[in-house]
Amino acid sequence: MAKILVVDTKEICKYTKLYLTKRKHQVITTNTSKGAIAAIKSKRPQIILFEKNLPDLDGIKLLEQVRQLNPSIKAVMITATRLDQEDRQQWKIYILSSPLI
């Protein structure tokens, strides 16, 4: 199964991890972009599921850094902010509309 990095609030990380581990995925969680970068370097996840509005860095800025470290990582952004098709294609991301719960 996939190794997935979840970058969001503690609550969202908790429930997402519970859901994904029941489906046999390996899940790494963090609440900050700094933690995400460290996890990308050390854990090498295949997928990053992240909130656009992080406390320490905008999600797009995080994605730029992630792509420099691992250009092939699959990215799923969670946001209530609307992104147009051009943005989606430019960043090669999937979008989930928030709130999820």
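## Overall architecture

The secondary structure of this chain comprises four helices and five strands, where helices (H or I, at least four residues) and strands (E, at least two) are DSSP runs numbered from the N terminus. Along the sequence these elements follow the pattern β-α-β-α-β-α-β-α-β. The model is a predicted one, in which local features need pLDDT of at least 70 and side-chain atom pairs count only at pLDDT 80 or more, whereas totals for chains, interfaces and linings use all residues. Residues are numbered from 1 along each chain as its sequence is written, and side-chain values use heavy atoms, with hydrogens and water left out.

Of the 101 residues of the chain, 42% count as buried; buried means under 20% relative accessible area, exposed over 50%, and partly exposed in between, with a 1.4 Å probe and protein chains only. Among contacts (heavy atoms within 4.5 Å) with a separation of 6 or more, 53% are accounted for by residues 24 or more positions apart.

Helix H2 spans residues 33-43, and its buried residues are Ser33, Ala36, Ile37, Ala39 and Ile40. These residues lie on the same side of H2, because they cover an arc of only 165 degrees around the axis. The arc is that of the directions from the helix axis to the C-beta atoms. The face turned away from this buried side carries the exposed residues Lys34, Lys41 and Ser42.

The buried residues of H2 pack against strand E1 (3-7), strand E2 (26-30) and helix H3 (59-69). Just after H2, Arg44 adopts a positive phi of about 55 degrees.

## Packing of H2 and H3

Helices H2 and H3 pack at an angle of about 10 degrees, with their axes 10 Å apart. H2 is therefore roughly parallel to H3, a term for angles under 35 degrees. Axes are lines fitted to C-alpha atoms, for helices over the stretch in contact, and angles run from 0 to 180 degrees between N-to-C directions.

At this contact, Ser33, Ala36, Ile37, Ile40 and Lys41 in H2 meet Leu62, Gln65, Val66 and Leu69 in H3.

## Strands E3 and E4

Strand E3 (residues 47-51) pairs with E4 in the parallel sense over five bridges; two strands pair if DSSP finds at least two bridges between them. Within this pairing, Phe50 stands opposite Met77 in E4. Strand E4 (residues 74-79) is mostly covered, with five of its six residues buried.

Together, E3, H3 and E4 form a right-handed β-α-β unit. A crossover is right-handed if, with the strands pointing away from the viewer, the path from the first strand over the helix to the second runs clockwise.

Definitions and conventions
Parallel < 35°, antiparallel > 145°, perpendicular 65-115°, else oblique.
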